[in-house]
Every structure is written in C-alpha cells, then in structure tokens.
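Here's a quick briefing to read with the model open beside you. Take it topic by topic and click along as you go.

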Amino acid sequence: MNPFSLENKVAVITGGSRGIGKAIAKLLAESGAHVILTSRKIESLKEVADEINGAGNKATPIACHAGSLDQIEALYKEIEEKFGRLDILVNNAATNPHFGNLLDAEDSMWDKTVEVNLKGPFFMIKKAVALMKKNGGGAIVNVSSINGIKPGLFQGVYSVTKAGLINMTQSFAKELAADNIRVNALLPGLTETKFAKAITDNEDIQKEIFKQIPMGRAAQPEEMAGAVLYLVSDAASFTTGTCLVCDGGYLVS
Ligand SMILES: NC(=O)c1ccc[n+]([C@@H]2O[C@H](COP(=O)([O-])OP(=O)(O)OC[C@H]3O[C@@H](n4cnc5c(N)ncnc54)[C@H](OP(=O)(O)O)[C@@H]3O)[C@@H](O)[C@H]2O)c1
C-alpha cells in the first residue's frame, strides 16, 4: 500500500483557484482524491477543475466565500448531496487587506481579516467534522503562515489571525483525536503567488527579505503541496496538532 495514496477520498480545498491552493488541489487529485475547489469566483475555479479533469483526475468547482457562514452552509449541503462524505479539508483561503502599522488598523480591516482567516475556517471545520464523523475520521490542514510565529512587518492584523489559526489547530487536534480526525497546520514562508506580489514585485524589498531566508529565494506554490499531501495522507497517521514549517530556513535564521 502506498501511504500517500488518497484513492476514494473526497477533499475540500478553499482558495483552490490559484497559488498555493491550486498546487495543493492538483497534487491531491493526482494522488487519487476527488477535490472540491472553492473560492469566490466560479470562472477561475472552473478553469482549474477543467485542467484537473482534463488530466484524468477528479475535481468539482463550487463558489464559496470563506467568510460567509451562509455560503459555507450551502457548500456543505451540496457536498453531502453530491458526495455523501468528506475525508479531507484544507483551509487555505485567506485575506490580508491591511498593509501598515498595527496601530493604524481600522475596525473594518479587523472584521474582514478575522472573518476570512479565522471565523470562516472555524465554521468550515465544524461542518467538515460532522461529515467526517459519519465516515469514521478524516484529516484537516489549516494553512497558517510563518507570520503566525513571527509577525510580518506591516502585516500585524494578518499575523494575529495566523497565530490564532495555529492555536485553533492545536485545540481541534486535542478535541478531535478521539474521533480519528487529525488536525495540522502548514506554515508557508514567502511563496510566489498573487498574495505575495507586494513583496515579490518590489526588487528592493525582495532583496532584503531574501537575505533573511537561508535558501535565498521564495518558494514556488508546488513546494507547499507535498507537505499538505503528507499531512492529509496515512503517511502522517500519528501526526496531529503539529505545525509543518516550509520556509527555506527563515524561522531558524
Ligand atoms: N504567498 C505567500 O507568501 C504565503 C506565505 C505564508 C502563508 N500564505 C498563505 O497561503 C494561503 C494561500 O495564499 P496564496 O499565496 O496562494 O494566495 P493567492 O494566490 O492570492 O490565492 C488565494 C486564494 O484564496 C481565494 N480567496 C481569497 N479570498 C477569499 C475569500 N474571501 N473566500 C474564498 N476564497 C478566497 C482566492 O480566490 P478568489 O479571489 O477568486 O476568491 C484564491 O483562490 C493563504 O492562507 C496565505 O495566508 C501565503
């Protein structure tokens, strides 16, 4: 038996239309899972689903705003009707609307960031667990960030939510172990995606940041996907409540 095989598993990946979420979705699908891709825009989800299905694997696109409890409710209703089960949840979608000093953060910025990065993932887990329990277990990965350990400059609000997501991961790991549901976190470092454009498009900022990364570069989204495959597969059957850091050595430098 290949411990990394996800044959007959159903997986939800939020923020699956591009960047890290898309790379995770492609690898999980290549490993045998039927991946359900969510994000706000159905058109870009359909493109990724077509790419995955075209390669002979299985993907279904469903639009869902990660911070909308009504849309999360509707998503799980559709999953239950179409699939009747859920084995894997990857809480990957996130937002970072406030780039600046923490003291300058407005009320609306807090609300939006907490809604999408913390409250949404919580309700995603709550609904996922109800389905996973029916099937005897499952695996959840929350995509946090190295900023959840070491706050990023001008990213204070975002960093607080990513720290909260790590703590939520650990609480759920303890609560759900008896239900055979493992809950872990991925902590990516700088990765070349739209999300990181403010850094990767600015040569001067990028140069300064690269100096702090022993590997001297940003990651490609695909370099995050293998870590998630490990965490959701049977290869990690005794691993729960952990933070898997993929940062080119940034946190130890
Ligand atoms: N890139 C990095 O350097 C880095 C470093 C550490 C951690 N991370 C984490 O990695 C995860 C993925 O980031 P990424 O870099 O891959 O970003 P990205 O390329 O910008 O992709 C973000 C994905 O999330 C979706 N999304 C955004 N807001 C959403 C919402 N409110 N509801 C539902 N979907 C939403 C986007 O689609 P729509 O816009 O169509 O909704 C898209 O599919 C995030 O949790 C981020 O915090 C990234």
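Predicted model: local features only at pLDDT ≥ 70, side-chain atom pairs only at ≥ 80, totals over all residues.

**Around the ligand**

- The ligand has 29 residues around it, and the ones that come nearest are G15, G19, R40, A94 and F195.
- Sorted by type, the shell around the ligand has 15 polar residues, 10 nonpolar and four charged.

- Seven strands make an open sheet with parallel pairing, in the order 3-2-1-4-5-6-7.
- Strand 3 (58–63) and strand 7 (243–246) are the edge strands, each pairing on one side only.
- On average, neighbouring strands of this sheet are turned by 20° against each other, direction ignored.
- Strand 1 (residues 10–14) and strand 2 (residues 34–39) run parallel and are joined by five bridges.
- Look for V12 here: its bridge partner in strand 2 is I36.

**Helices on the sheet**

- Helix 1 (residues 19–30) lies across strands 1, 2 and 3, plus strand 4 (88–91), strand 5 (138–143) and strand 6 (181–188). Its direction is at about 170° to strand 1.
- Helix 4 (residues 107–134) also packs on the sheet, where it touches strand 1, strand 4, strand 5 and strand 6. The angle between helix 4 and strand 4 is about 175°.
- Helix 8 (residues 222–232) has M224, A225, A227, V228, L229, L231 and V232 as its buried residues. These pack against helix 1 and against strands 4, 5, 6 and 7.

**The nonpolar core**

- The largest nonpolar core counts 68 residues, and I24, L28, V35 and V228 have the most contacts inside it.
- Helix 4 brings eight residues, the largest share of this core.
- As background, nonpolar side chains tend to be buried together in soluble globular proteins.
- V228 is in contact with I24, V90, V141 and L186, leaving aside neighbours within four places in sequence.

**A closer look at V141**

- V141 sits in strand 5.
- Why does V141 count as buried? Because 27 other C-beta atoms lie within 10 Å, and the cut-off for buried is 20 or more.
- Beyond its neighbours within four places in sequence, V141 is in contact with V90, N184, A185, L186, V228, L231 and V232.
- V141 and V232 are 91 residues apart in sequence, yet their C-alpha atoms are 7.1 Å apart in space.

Technical notes: Residues numbered from 1 in each chain as written. Pairing = 2+ DSSP bridges. Helix = DSSP H or I, 4+ residues; strand = E, 2+ residues; numbered from the N terminus. Axes fitted to C-alpha atoms, helices over the stretch in contact; angles between N-to-C directions. Contact = placed C-beta atoms within 7 Å. Core = buried A, V, L, I, M, F, W, Y, C linked by C-beta atoms within 7 Å. Buried ≥ 20, exposed ≤ 12 C-beta atoms within 10 Å, placed from the backbone. Near = placed C-beta within 6 Å. Nonpolar A, V, L, I, M, F, W, Y, C, P; charged D, E, K, R; others polar.
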